[in-house]
Amino acid sequence: MSITRSIRTPIMHRAVEANGFVFLGGTIADDTSVSMGDQTRNILGKIAGYLKEAGTDKSRVVSASIFVTDLSKKKEMDAAWTEFFGDNLPTRATVGVADLGGGALIEVVVTALKG
């Protein structure tokens, strides 16, 4: 099995391809001063770009892990999520956490099929 790493940052590769899957590392919003919904939209836009660079797209996302600092704002996240994925909703887990650093309200990790 070959492993391909791409989109390097100082501490990780954003995308790792292995065995027909693309694994994207945790992604937070560029502007953490905005609402949960706006942070989610920004993150999903970034994820779309990372997936494209890795040779796949949002319709191939099969699973997501979502970390949020305020579960009372989950409806904002859900609205942005369904706008982005439409009928191609992946499985997901949403977990409440105490802090994500840098003022981030949400961090998203996804796994997609290659292709």
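This report walks through some of the salt bridges in a predicted model.

## The overall count

How many salt bridges are there? The count comes to 7.

## D30 and K46

Let's start with D30 and K46, whose side chains meet in a salt bridge with N and O 3.0 Å apart. D30 sits in the loop between β3 (21-27) and α1 (36-53), while K46 belongs to helix α1, so this pair ties together parts that are 16 residues apart in sequence.

Are the two partners buried or exposed? D30 has 60% relative accessibility, so it counts as exposed. K46 is at 17%, so K46 counts as buried.

## E83 and R41

Next up is the salt bridge between E83 and R41, where the closest N and O atoms are 3.1 Å apart. This one links distant parts of the chain: E83 is in helix α2 (residues 74-85) and R41 is in helix α1, 42 residues apart.

As for accessibility, E83 is exposed, with a relative accessible area of 52%. R41 comes in at 36%, which makes R41 partly exposed.

## D78 and K74

Here the salt bridge stays inside one helix. D78 and K74 are 4 residues apart in helix α2, so about one helical turn separates them. Their closest N and O atoms are 3.0 Å apart. D78 is partly exposed at 22% relative accessible area, and K74 is partly exposed too, at 30%.

Methods
Residues are numbered from 1 along each chain as its sequence is written. This is a predicted model: local features need pLDDT of at least 70, side-chain atom pairs count only at pLDDT 80 or more; totals for chains, interfaces and linings use all residues. Side-chain values use heavy atoms; hydrogens and water are left out. A salt bridge is a side-chain nitrogen of Lys or Arg within 4 Å of a carboxyl oxygen of Asp or Glu. Helices (H or I, at least four residues) and strands (E, at least two) are DSSP runs, numbered from the N terminus. Buried means under 20% relative accessible area, exposed over 50%, partly exposed in between (1.4 Å probe, protein chains only).
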